[in-house]
Amino acid sequence: MAPLPTESATRILPVIEISGSPRERGRQYGEAVRPQLHAALGYYEEAFGRSAGLTWDQVTARAARWLEPVNAYAPHLVEEMRGIADGAGTGLLDVLALNARGEVIYDKSFAGIAAEGAGETPADEEPAEGCTSFAAYGPASGDGHVYAGQNWDWRAGVADTVVMIRIVQPPRPTLIMQVEAGQIGRQGANSAGIAFNANGLGGRFDDRIGLPQTVVRRTVLDQDNIADALDVLCRTRAHIASNALLTCREGFAIDLETTPAGHGWMYPTDGLLVHGNHYQAGIPAPLAAAGYRPMSSDSLVRVPRAEQGLAALRHSTGPEESRELIRRAMSDHLGHPESLCTHPDPRRPAVEHWTTLVSSLADLTTGDYHVTAGTPCDRAYQHLPWNLYDGPHGGPEPTGTQP
């Protein structure tokens, strides 16, 4: 399944590297993504206006609710956001709104927000951010490497705002992440050999304020061992439900379905773990009592299809073959357009189109990081210019990792 010879197939994601103090890192980041960040603001202004009748000033006023909790939990990340705003020539609350866009949508205090792109979903419920994540190692990996990745499915309108960023921040691990311009965290991996992949889960809980997902995810990737990364997920209270799949280069993975009402967890089967956008470890009691139904019904198709496709990885003879087998598995089109490889649905208005923004693959054994700038079915992986282990907490492969 070679990439098609089209202009879209040759597109690559921008790569940005930042370092220094939190404020300086942010300033470098903001300057580098100024056009993309302003494009993101324009898209979300239109999207919130269409779905909820809100002006952007009203959106930022609502996002301001998270400024104090984030500053209390991670003041250095607020400083980084201030730097982003300085570098991009915009306001702190604009950047905060980009980092708390999901929380604004799901907040029960703002239940009048309509469901953008929700089809027949009730007006106060929006489909969770669509993604299919995986971890593969041990018996599931024929070449003995530890792999982690996902298809990140979200609004097609922000495709040109997605960037790859490397954050050098000693003494914390060096990070590589795929983010929307201006976001301080999403999914990626670090120089300690930990990968973090996330999936929206949906569902409304109580209205007590919790941390935005971008802050939680960044804090997870700021940890230099798997126990501390898990502790972040178990000890923090996020505002909305989200799935977290953690993989480490020693050959271990665990999935946590994190919600404000409690967590569920899963382990791989024979070295393979796949998670989508429905509750797979167990339905939280508040949602079960309310008659839970999966908000992303296509997730019920995507998960088993990914498992079936990734089963071929067991017979791989080397990393190059493994990458192609993974790309092929993540290119599945059963249920198109809302398939494992997601494409815009022409039956919906353009502002409501969803697509696979990035298909990512981290080889935690070698430190190589690969991404597609869009749907994996019609383009090859872009090999990033950085290795995960080129930086603090890097170094040789840990004892016990498979050969």
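Tutor: Start with helix 9, where Gln 213, Thr 214, Val 215, Val 216, Arg 217, Arg 218, Thr 219, Val 220 and Leu 221 are buried. Buried means under 20% relative accessible area; exposed means over 50%, and partly exposed lies in between (1.4 Å probe, protein chains only). Helix 9 spans residues 213-221 and is mostly covered: 9 of its 9 residues are buried. Helices (H or I, at least four residues) and strands (E, at least two) are DSSP runs, numbered from the N terminus.

A word on the model. It is predicted, so local features need pLDDT of at least 70 and side-chain atom pairs count only at pLDDT 80 or more, while totals for chains, interfaces and linings use all residues. Residues are numbered from 1 along each chain as its sequence is written, and side-chain values use heavy atoms, leaving out hydrogens and water.

One is open and has 8 strands, ordered 1-4-5-6-7-8-9-10, with mixed pairing. Its edges are strand 1 (15-19) and strand 10 (262-266); each has a single partner strand, so one side of each lacks a neighbour in the sheet. On average, neighbouring strands here are turned by 20° against each other, direction ignored. Axes are lines fitted to C-alpha atoms, for helices over the stretch in contact; angles run from 0 to 180 degrees between N-to-C directions.

Look inside this sheet. Strand 4 (residues 162-168) and strand 5 (residues 175-180) run antiparallel, joined by 6 bridges. Two strands pair if DSSP finds at least two bridges between them. Val 162 has Glu 180 of strand 5 as its bridge partner. Helix 2 (residues 22-32) packs on the sheet and touches strand 1, strand 4 and strand 5. Contact means heavy atoms within 4.5 Å. The direction of helix 2 makes about 160° with that of strand 1.

Another open sheet has 6 strands in the order 11-2-3-12-13-14, with antiparallel pairing. Strand 11 (272-275) and strand 14 (382-383) stand at its edges; each has a single partner strand, so one side of each is without a neighbour in the sheet. Strand 3 (residues 147-155) pairs with strand 12 (residues 354-363) over 9 bridges, in the antiparallel sense. Gln 150 has Ser 360 of strand 12 as its bridge partner. Helix 13 (residues 319-329) packs on this sheet, touching strand 2 (131-136), strand 3, strand 12 and strand 13 (368-372). Its direction makes about 30° with that of strand 3.
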